[in-house]
Amino acid sequence: MKHKITLVPGDGIGPEIVAATVRVIEATGVDIEWETQILGSQALEKYGVTLPETTIESIKTNKVALKGPQMTPVGKGFTSVNVGLRKALDLYANVRPVKALPNVPCRYPELDLVIVRENTEGLYSGLEHVVIPGVVESLKIVTEKASTRIAKYAFEYARNTDRKKVTAVHKANIMKLSDGLFLECFYEQAKLFPDIEADDKIIDNCCMQLVMRPEQFDILVMENLYGDIVSDLCAGLIGGLGLAPGANIGEFGAVFEAVHGSAPDIAGQGIANPTALMLSAVQMLNHIGEREAAKKMHDALLAVFADGKSITRDLGGTAKTNEFARAIEEKMNS
Ligand code: NAI
């Protein structure tokens with residue numbers, strides 16, 4: 001079956017890791033027609049807006065996108081393209097598997113958990129305004145609708161992937177109304193999934209527990225900003241940002257992208273690690289029903305790590321981005 005998928009190369013290392021990933025996907029033999037679209041500063045130059053309708057429409061029509069990281073400058077006048085895209089497509093669930101790879105030095109080689117991050121509201125929405133000069137208000141929005149749907153998604157994901165426990169992460173001891181509502185919705189949903197264990201942890205304790213005893217966790221579900229921060233913490237536990245994949249799932253489409261950003265410090269040098277985006281692509285292939293191709297790609301990637309000969313610089317190796325991709329292709333053909 002032929003699939004049509006939107007491809008967004010992104011900024012910084014984006015085009016390099018996207019090219020390497022597309023090359024490996026195509027080597028699986030899966031039939032994909034790519035529709036390349038742009039966002040951010042590239043779109044600003046061409047269309048006069050950072051989030052063009054053509055890109056949103058392309059993803060809505062194709063229902064699936066593979067996306068490179070998109071830069072958001074810090075400071076005034078720029079709203080995040082990533083946040084805007086997730087809102088425009090209502091990509092409410094951000095699913096980030098955290099699993100160590102063979103041979104990668106890390107604190108927890110056995111770690112295997114999944115973060116499910118609410119993607120549309122919370123304190124991450126960037127709803128800020130100046131009340132009076134010198135005083136800024138930043139709004140945290142929590143709704144029953146979004147909290148219920150993300151909790152339901154986490155429990156359904158647990159059931160579909162044969163996982164046993166979902167932990168809600170929150171700060172309801174201080175933010176009694178907002179995080180309190182999130183937690184209430186979580187336990188309401190938990191009643192509908194008696195086969196899945198449900199518990200909760202306050203975010204600060206959860207961070208400590210993740211560093212000390214991460215094996216107690218299976219699936220973690222949390223609001224947007226907590227998910228943003230805890231994802232990077234977990235990436236650190238398995239060896240770094242170059243290894244952490246992600247999927248943004250909604251009713252009208254799904255966008256697959258790495259957890260990391262555009263890494264401007266190493267852009268254009270051909271040394272970025274494409275693993276996180278490749279693992280996101282494995283998630284994507286499973287999502288579109290190409291399970292065999294997903295397994296082929298995943299197995300070849302794991303074999304390259306097990307070999308340890310073609311590892312990128314961030315993990316202590318010397319392989320360039322395209323050498324790493326070539327090694328995976330060779331494994332698939334061997
Ligand atoms: P970053 O994730 O781009 O980089 C942090 C550090 O990790 C850097 O030292 C970088 O070289 C390294 N790194 C990241 N990915 C790597 C890879 N694949 N291989 C090797 N090393 C890698 O985070 P930073 O610097 O905070 O953000 C840069 C830009 O990316 C910002 O404009 C930010 O807004 C944007 N960003 C975009 C995201 C997205 O499109 N989903 C997600 C996170 C950040």
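Predicted model: local features only at pLDDT ≥ 70, side-chain atom pairs only at ≥ 80, totals over all residues.

Q: Where is helix H10, and what length does the model give it?
A: Helix H10 covers residues 291-307. Its 17 residues should span 24 Å at 1.5 Å a residue, and the end C-alpha atoms are 24 Å apart, in agreement with that.

Q: Which residues of H10 are buried?
A: They are Ala 293, Ala 294, Met 297, Ala 300, Leu 301, Val 304 and Phe 305.

Q: How are those buried residues placed around the axis of H10?
A: Viewed down the axis, the buried residues of H10 fall within an arc of 140°, so they line one face of the helix. As background, an α-helix has 3.6 residues a turn, so residues three or four places apart point the same way.

Q: Which exposed residues are on the face of H10 turned away from the buried side?
A: That face carries Arg 291, Glu 292 and Lys 295, which are exposed.

Q: And what do the buried residues of H10 pack against?
A: They pack against three helices: H1 (14-27), H9 (275-287) and H11 (321-333).

Q: What follows H10?
A: Gly 308 follows H10, and its phi is positive, near 75°.

Q: Let us move to H9. How many of its residues are buried?
A: In H9, 11 of the 13 residues are buried, so the helix is mostly covered. Among the buried residues are Thr 275, Ser 280 and Gln 283, together with Leu 277, Met 278 and Val 282.

Q: What is the reach of H9 from its first C-alpha to its last?
A: H9 reaches 18 Å, close to the 18 Å expected for this helix at 1.5 Å a residue. H9 is followed by Gly 289, whose phi is positive, near 90°.

Q: Which residues are buried in H11, and what covers them?
A: The buried residues of H11 are Thr 321, Phe 324, Ala 325, Ala 327, Ile 328, Glu 329 and Met 332. Their cover includes H1, H9 and H10. As for length, the 13 residues of H11 should span 18 Å, and the end C-alpha atoms are 19 Å apart, which agrees.

Q: Changing topic, which residues form a nonpolar patch on the surface?
A: Leu 127, Leu 139 and Ile 141 form such a patch, with about 210 Å² of accessible area together.

Technical notes. Residues numbered from 1 in each chain as written. Heavy atoms only, no water. Patch = residues over 30% accessible without salt bridge, like charges linked within 9 Å, V, L, I, M, F, W, Y side chains within 5 Å. Areas by Shrake-Rupley, 256 points an atom, 1.4 Å probe, with all protein chains shown as cover. Salt bridge = Lys/Arg side-chain N within 4 Å of Asp/Glu carboxyl O. Helix = DSSP H or I, 4+ residues; strand = E, 2+ residues; numbered from the N terminus. Expected span 1.5 Å × (residues − 1). Buried < 20%, exposed > 50% of the residue type's maximum accessible area, 1.4 Å probe, protein only. Arc of directions from axis to C-beta. Contact = heavy atoms within 4.5 Å.
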